[in-house]
Amino acid sequence: MKKILLLLLFFPLMFFSQDLQPGEFVWSKERKLQKEDYKLITHDDRISIRSAINFSYQLRGFNALSNNFNKKIINKFSSSASSINPDSRNIPAMIEYQQVNFDLAEVYARKMRKDLLIHKNTLWKGFTYANEMFNNLTVEYTKAQALIDNETNYGLNTQKLQDWKQKIQTELDDLSDFDYNNTSKIKIKKGTKEEN
């Protein structure tokens, strides 16, 4: 049996432009990955699919005044840096697995949005806290992604994959206030907010 190589490229970026480039789109619950999103075509038998997914953030001096950091942290997919081998078997399942990884990245983007809001007073002292948080979340994301790869055999174990999809969906639901498209003021519950 031919072993399928599934790769996900994750590029943690800090302070890069938040502007979307042509062929990039922000994670959305309505917009799922499709075969057409993979603009680099390869016929290399060692590569089935590669997805360029990253979450990044951009903070400036007066961001500490914000009551919503959702637009400051972006989780996006880059079509022009993502490749697919059209000769691969079961392309829909491979893309579904890449969507799970995109969803997982969104969980970590939302965690950062929430944590920045809780600790926004810390930002008055500089962005060291944000840098450390981003680095820690990137490490957590990488570990979670490796665990999903291992437990689901890169998405081939459909039962385990469904378990992970449910877990990720629950986390997304729990962090729904921190969706990129929510621009409303977010109130943090008492006892959660950082003390001055």
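Modeller: From the N terminus on, the elements run β-β-β-β-β-β-α-α-α, where helices (H or I, at least four residues) and strands (E, at least two) are DSSP runs, numbered from the N terminus. This is a predicted model, in which local features need pLDDT of at least 70 and side-chain atom pairs count only at pLDDT 80 or more, while totals for chains, interfaces and linings use all residues. Residues are numbered from 1 along each chain as its sequence is written, and side-chain values use heavy atoms, with hydrogens and water left out.

The protein has 3 helices and 6 strands. The part to look at joins helix α1 (residues 91–118) and helix α3 (residues 158–174), whose axes come within 10 Å and cross at roughly 30 degrees; axes are lines fitted to C-alpha atoms, for helices over the stretch in contact, and angles run from 0 to 180 degrees between N-to-C directions. That angle makes α1 roughly parallel to α3, because angles under 35 degrees count as roughly parallel, over 145 as roughly antiparallel, 65 to 115 as roughly perpendicular and the rest as oblique.

On the α1 side, the contact (heavy atoms within 4.5 Å) is made by Glu96, Tyr97, Val100, Asp103, Leu104, Glu106, Val107, Arg110 and Lys111, and on the α3 side by Leu161, Gln162, Lys165, Ile168, Glu171 and Leu172.

In the protein as a whole, among contacts between residues at least 6 apart in sequence, 84% join residues at least 24 apart.
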